[in-house]
Each structure stands twice: as structure tokens, then as C-alpha cells.
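I opened this entry to go through one chain. I want the local details first, then the overall form.

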Amino acid sequence: MGDMHLGLSIGEVTARSGVARTALRFYEDKGLIHSERTAGNQRRYPRVVLRRLAFIQAAQRAGVELSEIREALDTLPDRRVPSKADWARLGTVWQAKLDARIEALTRLRNQLTSCIGCGCLSLKSCGIYNTGDEMAAYGPGAPRLRIKAQGGKDPVG
Ligand code: FES
């Protein structure tokens, strides 16, 4: 598949990665992946693009913004194949981000069965935690989710 020196064609990258050509061009426009041009003006990608694409796709599935993904990929060397150490360094940078995201998602999952103070007064627990929608005093939205997401103390203890 592809000339190891010239690299992979856009069709080969699409076939191997499962990423559509349009998405490849989009990622390239966003600076997430890079290609070279042949004399015939054809795109050629280095083989390591397959790992970058797998990383981009996994991060997007985890709900990470493209700008954050770009920031992380920018820590990788551009002019050589990233080493294990390069990816490990990226992993360290991301550890904190992913941990925070996991914590937020876990909090949301745990909160789903209880009152979040949004004003709906639709759950039995609303009568306990949000009598008469007193949570409105904490501002718009769901204060119990928002304040905890900001690292604050649950307004109802
Ligand atoms: S969940 Fe909406 S006010 Fe309790």
C-alpha cells in the first residue's frame, strides 16, 4: 500500500483509516494533518497520518473539541515520525484534560436520578432539594450541576 517514500495517496488513507476524503481535507485545512504534493499535484501523506487520524477520531468520539485536539497534536514533531516518547508526552498533557472530562461525565451520570435545580420541579427529590424552585436564586440553568462542575460545594449540602 503506497510508496513508503512518496507516502500514501488520499484514497489509500481513506481506505485504511475509514476517514472520508472530505474529512481529510477538512483536517488538513485545520492543520491537524499534513500532506506533501507530488509533481502532478497529488496529495501524499506520511504513513504516520494513520495514527494521527485514529487519535483525532477517538478524541472526537470522547467529545473533545478540534481546537484542543490540534493543540495536543501540535506538541508532536512535524518533520519526523513521532516517537513513543512524543506520544507519551502528549498523553501526559491530555491526562488532566481527560480526567476532568471523565469526572464531569461521572458527575452528570450520578446526578441524573436526582434534582439538579433546573426549575422543572419534575422529580420527587425536587421537593427536597429545590422546594419552590429556591435554586433559581443561584442563577440560570442547573446550579447543582454547574456549581459542582466549577469545583464548588453543592448548594444544598
Ligand atoms: S430536577 Fe429540575 S428542579 Fe429538580
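Is Ser114 buried or exposed? I looked up the accessibility. Ser114 has 17% relative accessibility, so it counts as buried. The cut-offs I used: buried is under 20% relative accessible area, exposed is over 50%, and partly exposed is in between, with a 1.4 Å probe and protein chains only.

A note on the source. This is a predicted model, where local features need pLDDT of at least 70, side-chain atom pairs count only at pLDDT 80 or more, and totals for chains, interfaces and linings use all residues. Residues are numbered from 1 along each chain as its sequence is written, and side-chain values use heavy atoms, with hydrogens and water left out.

Entry: Ser114. I placed Ser114 in the loop between helix 5 and helix 6. Leaving out residues up to four places away in sequence, I found that Ser114 touches Leu123, Ser125, Tyr129 and Arg144. A contact here means heavy atoms within 4.5 Å. I also checked Ser114 against Leu73. They are 41 residues apart in sequence and 39 Å apart in space, C-alpha to C-alpha.

Entry: Ser125. I found Ser125 in the loop between helix 5 (84–111) and helix 6 (126–129). Ser125 counts as buried because its relative accessibility is 13%. With residues up to four places away in sequence set aside, Ser125 touches Thr113, Ser114, Cys115 and Asn130. I then looked at Cys115. A polar atom of the Ser125 side chain lies 3.0 Å from the backbone nitrogen of Cys115.

Entry: the fold. I counted 7 helices and 2 strands in the protein chain. Helices (H or I, at least four residues) and strands (E, at least two) are DSSP runs, numbered from the N terminus. Along the sequence I read α-α-β-β-α-α-α-α-α. The radius of gyration of the protein chain is 23 Å, well over the 15 Å from the globule rule for 157 residues, so the chain is more spread out than a compact globule. That radius is taken over C-alpha atoms, and the rule is 2.2 Å times the number of residues to the power 0.38. The C-alpha atoms fill a box of roughly 70 × 30 × 20 Å along the principal axes.

Entry: whole-chain totals. Of the 157 residues in the protein chain, 32% are buried. Residues 24 or more positions apart account for 45% of them.

Methods. A polar contact is a pair of N or O atoms within 3.5 Å; within protein, one must be able to donate a hydrogen and the other to accept it, and residues adjacent in sequence count only if both atoms are side-chain atoms.
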